[in-house]
Amino acid sequence: VLLHDIGKPPSRSMDKKGTFHFYGHEVAGSKLAASLCSRLRLSNKEINFVSQLVRQHMRPIHLFNLTRPSTRALSRFFRLGPELFFPLLLLFASNYRASQKSTGVEVDLQPLRQRIGDWLDFYYEQLKPREMESSIVSGHDIMEYLNLSPGPMVGKLLEALAELQWEGRISTQEEALHQAARLLKEIKHKSQKTGDRGQQADCS
């Protein structure tokens, strides 16, 4: 709670209108928090935990600022796992209450309770039952279907498919393999565009 905004001073910038911004302060803060925790001789597990909380603390804020978060946005947040998303929600609630109280207006926590309650209902009703589901496809299935050799690409595709399955966007092996082919095509296209830009830069 004390360290979550520690990255703001080194990340501060000002736009043409004189408004201050703190882009990327969560990334800078995560590194600073890890360094401080190391100096305090916390365990590696504790250092990683605090660092991750600081690194991810903007995610519930972004969700709260959305009128109605999408299923995908909520799924990605809860994919962090209960060992992280529960503390993040507590950190967010503390931050929300403190920021509201600083305005001098009496804090109404009912909207906060309602929104977090809705998010958790979604997690327990829609997502938690999927935690016990096994993967729809294996690395071997992907390699055979896409004619790929073992390597990092297969792992990247498996991770992407696991996320789609978690979000409820695929539920059969056929859907998974179709999505794997689409993802592979996108990755190759992006890689080709990056290579083209590099060649243009070399020529210039």
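Contact here means heavy atoms within 4.5 Å. On that basis, the cover over the buried residues of helix 4 includes helix 2 (25-39), helix 3 (44-56), helix 5, helix 6 and helix 7. The model is predicted, and the protein chain has a mean pLDDT of 89, with 93% of its residues at 70 or more.

**Confidence**

- Within the protein chain, helix 3 has the highest confidence, at a mean of 97, whereas helix 10 (residues 173-203) has the lowest, at 78.
- Where pLDDT is low, predicted coordinates should not be read in detail.

- The residues of helix 4 that are buried are M58, P60, I61, L63 and F64.

**Packing of helix 5 against helix 7**

- A pair of packed helices is described by the angle between their axes and the distance between the axes.
- For helix 5 (residues 71-78) and helix 7 (residues 110-127), the angle is about 85° and the axes are 11 Å apart.
- Helix 5 is therefore roughly perpendicular to helix 7, because angles of 65 to 115 degrees fall in that class.
- On the helix 5 side, the contact is formed by T71, L74, S75 and F78; on the helix 7 side, it is formed by W119, L120, F122, Y123 and L127.
- The residues of this contact comprise 7 nonpolar, 2 polar and no charged.
- Beyond its neighbours within four places in sequence, F78 is in contact with F85, W119, L120, F122, Y123, L127 and W166.

**Nonpolar cores**

- In soluble globular proteins, nonpolar side chains tend to be buried together.
- The largest nonpolar core has 24 residues, of which F77, F78, F92 and W119 touch the most other members.
- At least two residues of this core come from each of helix 4 (58-65), helix 5, helix 6 (82-101) and helix 7.
- Helix 7 gives the most to this core, supplying 7 residues.
- Another core, of 13 residues, lies apart from this one and has L146, L164, A176 and L177 among its members.

- H4 lies in the segment before helix 1 (8-11).
- H4 has a relative accessibility of 10% and so counts as buried, because the cut-off for that class is under 20%.
- With neighbours within four places in sequence set aside, H4 is in contact with H25, V54, H57, L91 and N95.
- Although H4 and L32 are 28 residues apart in sequence, their C-alpha atoms are 9.9 Å apart in space.
- S51, which is placed in helix 3, is buried, with a relative accessible area of 12%.
- Residues up to four places away in sequence not being counted, S51 touches S30 and A34.

**Loop residues with positive phi**

- Most residues other than glycine have a negative phi.
- R41 is not a glycine, yet has a positive phi of about 60°.
- This arginine, R41, is found in the loop between helix 2 and helix 3, and R41 is exposed, with a relative accessible area of 77%.
- N147 is not a glycine either, and has a positive phi of about 60°.
- The loop that holds N147 runs between helix 8 (139-146) and helix 9 (152-166), and N147 is exposed, with a relative accessible area of 71%.

Note on methods: Residues numbered from 1 in each chain as written. Predicted model: local features only at pLDDT ≥ 70, side-chain atom pairs only at ≥ 80, totals over all residues. Heavy atoms only, no water. Axes fitted to C-alpha atoms, helices over the stretch in contact; angles between N-to-C directions. Helix = DSSP H or I, 4+ residues; strand = E, 2+ residues; numbered from the N terminus. Parallel < 35°, antiparallel > 145°, perpendicular 65-115°, else oblique. Nonpolar A, V, L, I, M, F, W, Y, C, P; charged D, E, K, R; others polar. Core = buried A, V, L, I, M, F, W, Y, C linked by side-chain atoms within 4.5 Å. Buried < 20%, exposed > 50% of the residue type's maximum accessible area, 1.4 Å probe, protein only. pLDDT = per-residue confidence, 0-100.
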